[in-house]
Amino acid sequence: MIIDCSKYLKCAQAKRVNQSQEEDIFVLFKMLTFSARVVLQCVKDAAIAAKQSQVLRPVGVTQSSARFYYNNPKRPNVDPAGASHVRTVDLRSDTVTKPGPAMRQAMALAEVGDDVMGEDPTVNELQEMAAEMFGMEAALFVPSGTMGNLIAVMVHCRERGDEVIVGDLSHLHVYEQGGSAQLAGVHSRTLTNLPDGTFDLDQLVSKIRHGYPDPHFPRTRLICLENTHNIQGGRVLPLAFLKEVRSVADEHGLPVHMDGARLMNAAVHLGVSPATILQHTHTVSLCMSKGLGAPIGSILAGPQDFISRAVRCRKALGGGMRQAGIIAAAGKLALTEMVDRLEEDHRNVKTFAQALLDCEPSLFTLDLAAVETNILRFHLGDPGFSQSDFCERMAQVGEEEEASLGQGVQVLMYPHVGGSVRAVWHLGISQEDTQMAIRKLQLVAKQLQQSRVK
């Protein structure tokens, strides 16, 4: 349709628009707006269709890659190659969980207020609940674990140029963009993380600076731990180790902060309350949007004066939220209803890990004793097959799959640090999903063996 707008434009410029012309212009504007929306939607639909017509393949990472699995694309849209139904078992991370009906209802019915003014009742209830659960004086609701950790560093290290001691493979050091230095002006000194997520205590003592205010060196102000340890495969820090770290910290007048993103997994594995673990730390950050299933949010807890200063830091970082009770309601449900079920994730991981070891032909290596919580890391024992190739095959749906498995199955995993593969279980993965993933694993192992023979 072609519309001549020149006469309306000339009238408007001459300021000679009568009522009839005003009505015509209004109708014309609505038609043009509608046409623009239709064109824009067509462009979006075409883009989506183009993406769905492609098989996105995971990008491999080398052992030296600094970004590890974050190099990989988002969830692939796989053409099922004629399969009537494709079942997706998403083991990329426990961050892919989605709130269920009960959690969505709690969010919809949440009583809210202005949290920056301290007037959101649901946020206040969540913070009080978390503080009691952790054995801490107070708690603060923050948007993310990364922000919680950064706030902790900012509060504990009050002067620019202070120093925090962290593990060299800790999430805070590797995956949080160097926020301690970038935003807080805090220097990091690293310890060598051992395979179980701990570090050598003698090395810890050697890293503590002495002689302040010597102008040559930073001032050591904080020791950070991670429990469970992400990169090291969900390992749980032993209580005896935590007690020894706290003893060293007390001797040197240093606070201990725990990045407890998956603290509840550690508590379930040890069969203790989170407060039992946290008695050896001064502050903690807990993520509720991983295995606990909330869509967003973390809790930062510690002494009352620490939380008072943390509120100021949260505001400076842009984390002051208003009617945040809508998402805090999900956090309340996560802490009260979703902790005990973590044991199911741990069992499913062990089941899959055992299947890797039992797989014929033998292609995989892992330490079964190191499989403690919901994160699994394993290696391919045959140097002829890369981690990227394995993950790609697990994510693809082949032509023979429906005949072998009864349906198409794609299992999403990530190539990980050190030439390993990482898989993470969560509330979206049932025991049946785990068995389907095992069957897909056995099929892929058979295909890899056939390729090797050829």
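Me: Which residue stands opposite valine 284 in strand 8?
Reply: Keep in mind that this is a predicted model. Strand 7 (residues 283–287) and strand 8 (residues 298–302) run antiparallel and are joined by 4 bridges. Across that pairing, the residue facing valine 284 is alanine 301.

Me: Which strands stand at the edges of the 7-stranded open sheet?
Reply: The order is 2-8-7-6-5-3-4, and the pairing is mixed. From one strand to the next, the twist averages 20 degrees. The edge strands each have a single partner, so one side of each lacks a neighbour in the sheet: they're strand 2 (138–142) and strand 4 (187–191).

Me: At what angle does helix 9 run to strand 5?
Reply: Helix 9 covers residues 239–251. It lies across strand 5 (219–226) and strand 6 (256–259). Its angle to strand 5 is about 170 degrees.

Me: And which helix packs on the 4-stranded sheet, touching strand 9 and strand 10?
Reply: That open sheet is antiparallel, in the order 9-10-13-12. Strand 9 pairs with strand 10 (residues 375–380) over 2 bridges, and phenylalanine 364 stands opposite leucine 380 there. The helix touching both strands makes about 10 degrees with the direction of strand 10, and it's helix 14 (residues 342–358).

Me: How many residues of helix 15 are buried?
Reply: Buried here means under 20% relative accessible area. Among those that qualify are Phe390, Cys391 and Met394. Helix 15 (residues 387–395) is largely enclosed by the rest of the structure, because the buried count is 7 of the 9 residues.

Terms used
Residues numbered from 1 in each chain as written. Predicted model: local features only at pLDDT ≥ 70, side-chain atom pairs only at ≥ 80, totals over all residues. Heavy atoms only, no water. Pairing = 2+ DSSP bridges. Contact = heavy atoms within 4.5 Å. Axes fitted to C-alpha atoms, helices over the stretch in contact; angles between N-to-C directions. Buried < 20%, exposed > 50% of the residue type's maximum accessible area, 1.4 Å probe, protein only.
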